[in-house]
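Keep the viewer open as you read.

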Protein chains: 2
Amino acid sequence: MGAPTSIRMKKLINRPESVVHDALSGMAEAHADLLRIDVDLQVIVRKDAPINGKVGVISGGGSGHEPMHGGFVGRGMLDAACPGAIFTSPVPDQMLAATKAVNGGAGVLHIVKNYTGDVMNFEMAAELGQAENIQVESVVIDDDVAVRDSLYTAGRRGVGATVLAEKICGGAAESGATLKQVADICRKVNANARSMGMALTSCVTPAAGKPTFDLGADEMEIGIGIHGEPGRTRMKLAPASQIAELLVNPILDDLPFKSGDSVLAFVNGMGGTPLIELYVMYNEVARILKGRGVTITRHLIGNYITSLEMAGSSVTLLRLDDELTRLWDEPVLTPALRWGV
Amino acid sequence: MGAPTSIRMKKLINRPESVVHDALSGMAEAHADLLRIDVDLQVIVRKDAPINGKVGVISGGGSGHEPMHGGFVGRGMLDAACPGAIFTSPVPDQMLAATKAVNGGAGVLHIVKNYTGDVMNFEMAAELGQAENIQVESVVIDDDVAVRDSLYTAGRRGVGATVLAEKICGGAAESGATLKQVADICRKVNANARSMGMALTSCVTPAAGKPTFDLGADEMEIGIGIHGEPGRTRMKLAPASQIAELLVNPILDDLPFKSGDSVLAFVNGMGGTPLIELYVMYNEVARILKGRGVTITRHLIGNYITSLEMAGSSVTLLRLDDELTRLWDEPVLTPALRWGV
């Protein structure tokens, strides 16, 4: 028999083929004050772009990770985002259109998550942009400590640090930094951030109509990727306290984070996990960090880089200094993150 | 036999008995700058309460609906919230403690969702507060058009309008309105708001460890309550466009909303539905309203009044005038809603 219909396709959608189009149409309806959306080309642009003399910051990737990236377009964060089909890289044409739309003469930063398709297509888009005399810098985010090389990825995957890099680079660009400065800050975020995620359930892509992977009724996957790629280990369900240890200890050991460090702690939901559970996780993460002498000075808790309706959580830690803290605190006005405005 | 373990209890928790305690501990860790939390008594208070001369606004209800209500405590919204056990009313002692903690001499408004336990306990708390010479007004929210009388409720249930009332009353109190004025505004919000929800899946309370209700693999429930109470009808899965009609048309017809009305459109997720689907729903809601001549001038899209990990959505429409619009736009600084600050 296989999976029942309930697991195959219980979604608030019209047709599998129209999900991205329909969701972008909804974003366009809701956020006309902030965004210009080309629903057919699938490019989301900050309404007042290009801004003369400001570095443009763009990102993009497969859909299904909302609010990333489209929900982060706006003042103080991204100037544009190009969503692909679900879990599928956008194409160079989208990226080039976004690059041209946000170029205010100071160049454009591409923030690229490390997946083979994204990297390849952003490289091509950068070349196309440069051929049109737009300065482009690219930074690849690869913060996931779970596995080295993976389905879709050579090297580490890019996950939660992407959200933090987009906010911090957006703050820098808004403050008047040059393209080289914004790109350096992006590399600094990536160098100081580490992440790991886990799943309690799979997700179902609308096109496939069945779970991306199979997970036993009493199992969880530690080190999961945001497209359901395999992680480090599949194991029996455990309490949140143990799950937090399985995520946080490898993160701390990898950089390594040291006693006395200040961090931004980002406890992210994978899409189907309710907020009450994310606060339970945050409590465990805070407990572990205290035990290691690491101080949380900023935090982000919620569903920000998701995998459709997957149940689970990821943790990202970013070591902060004064510069990163200041840029994190800069005002932001986007559909998904907003403060100071 | 029954449901497999996966459906019974795939949650990021430690023990069923400790979920609320652990989540409140996480909130206390994260939001020490905004909130004071008595984790044992289960009372969340705005850090700078009581504010001399300001009306206090409090609410409360069962846990499992996060971010409501605790995530709405802070400047410009609630002064305190008392979460009960999962899907269980808080007790009068919690409500009294919250009332006393936020009384700055100008009285306290209780915003009460219409469930028998909540109403009874808030009535008792109001009497206890008045016995201690605190002026208390109570407003019961009952915006759910799905059913009249229901499991746990005499009359209509209180759902999404609660979130809007908390924001708008908080804005009024912050602006210096009197207790009577804030209570009148709360009644005005309730009188002009209507809601209806639906579920694609059940949820599982940690204590029960099994689905609250059974829903076939190809079925959905229209008119669901936020504790999984039965709705209007159980039917086969349908496209988002039809689901939106099934929610929005009864809402429009009930008040009734008329051509020329301006509304705040609130498309809410039930906890397990990802944002991409909520934007698909928002697009359909906007389409229907356009067809009826109703203009969306404000919106809220996301998981704000949830039912643990239930998949589904609710729609709330609030008819706006200048006063309600102005109060909605007032600055707010809470864990879950933040703007203008």
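## Ground rules

Buried means under 20% relative accessible area, exposed means over 50%, and partly exposed is in between, with a 1.4 Å probe and protein chains only. Helices (H or I, at least four residues) and strands (E, at least two) are DSSP runs, numbered from the N terminus.

This is a predicted model, in which local features need pLDDT of at least 70 and side-chain atom pairs count only at pLDDT 80 or more, while totals for chains, interfaces and linings use all residues. Residues are numbered from 1 along each chain as its sequence is written, chains are lettered from A and ligands numbered from 1 in the order in which they are written, and side-chain values use heavy atoms, with hydrogens and water left out.

Let's begin with helix 6 of chain A, where A:Leu179, A:Val182, A:Ala183, A:Ile185, A:Cys186, A:Val189 and A:Asn190 are buried. Viewed down the helix axis, these buried residues fall within an arc of 155°, so they line one face of helix 6; the arc is that of the directions from the helix axis to the C-beta atoms. The length of this helix also agrees with expectation: its 13 residues (179–191) should span 18 Å at 1.5 Å a residue, and the end C-alpha atoms are 18 Å apart. The expected span here is 1.5 Å times one less than the number of residues.

Helix 3 of chain A (residues 92–102) is mostly covered, with eight of its 11 residues buried. Among them are A:Pro92, A:Met95, A:Leu96 and A:Val102.

## A covered strand in chain A

Which residues of strand 7 of chain A point one way, and which the other? A:Ala193, A:Ser195, A:Gly197 and A:Ala199 point one way, whereas A:Arg194, A:Met196 and A:Met198 point the other way, and all are buried. In other words, seven of the seven residues of this strand (193–199) are buried.

Strand 7 has two antiparallel partners to look at, where pairing means that DSSP finds at least two bridges between two strands. Seven bridges join strand 7 to strand 12 (residues 312–319) of chain A, and there A:Arg194 stands opposite A:Leu317. Two bridges join strand 7 to strand 8 (residues 219–222) of chain A, with A:Met198 and A:Ile222 as bridge partners. Strands of a sheet pair through backbone hydrogen bonds, either parallel or antiparallel.

## The open sheet of chain B

In chain B, six strands form an open sheet in the order 1-2-4-3-5-6, with mixed pairing. Strand 1 (35–38) and strand 6 (136–141) are the edge strands, each pairing on one side only. From one strand to the next, the twist averages 20°. Strand 1 runs antiparallel to strand 2 (residues 43–46), and four bridges join the two in chain B; one of the bridge pairs is B:Leu35 with B:Arg46.

Helix 5 of chain B (residues 161–174) lies across strand 2, strand 3 (56–63), strand 5 (108–113) and strand 6 of chain B, and runs at about 170° to strand 5. Axes are lines fitted to C-alpha atoms, for helices over the stretch in contact (heavy atoms within 4.5 Å), and angles run from 0 to 180 degrees between N-to-C directions.

## Where the chains meet

The contact between the chains takes 63 residues from chain B and 63 residues from chain A. Together the chains bury about 4,700 Å², 65% of it on carbon and sulfur atoms. Buried area is the accessible area (1.4 Å probe) that two parts lose on being put together, summed over both. B:Lys10, B:Leu12 and B:Ile276 supply 19% of the area that chain B buries against chain A, more than any other three residues.

## Backbone details

A cis peptide bond joins A:Glu66 and A:Pro67, with omega about 10°, and A:Pro67 is in the loop between strand 3 and strand 4 of chain A. Chain B has a cis peptide bond between B:Glu66 and B:Pro67, with omega about 10°.

Two residues other than glycine deserve a look for positive phi. A:Phe87 has a phi of about 55°, sits in the loop between strand 4 and helix 3 of chain A, and is buried at 18% relative accessible area. A:Asn133 has a phi near 65° and is exposed at 73%.
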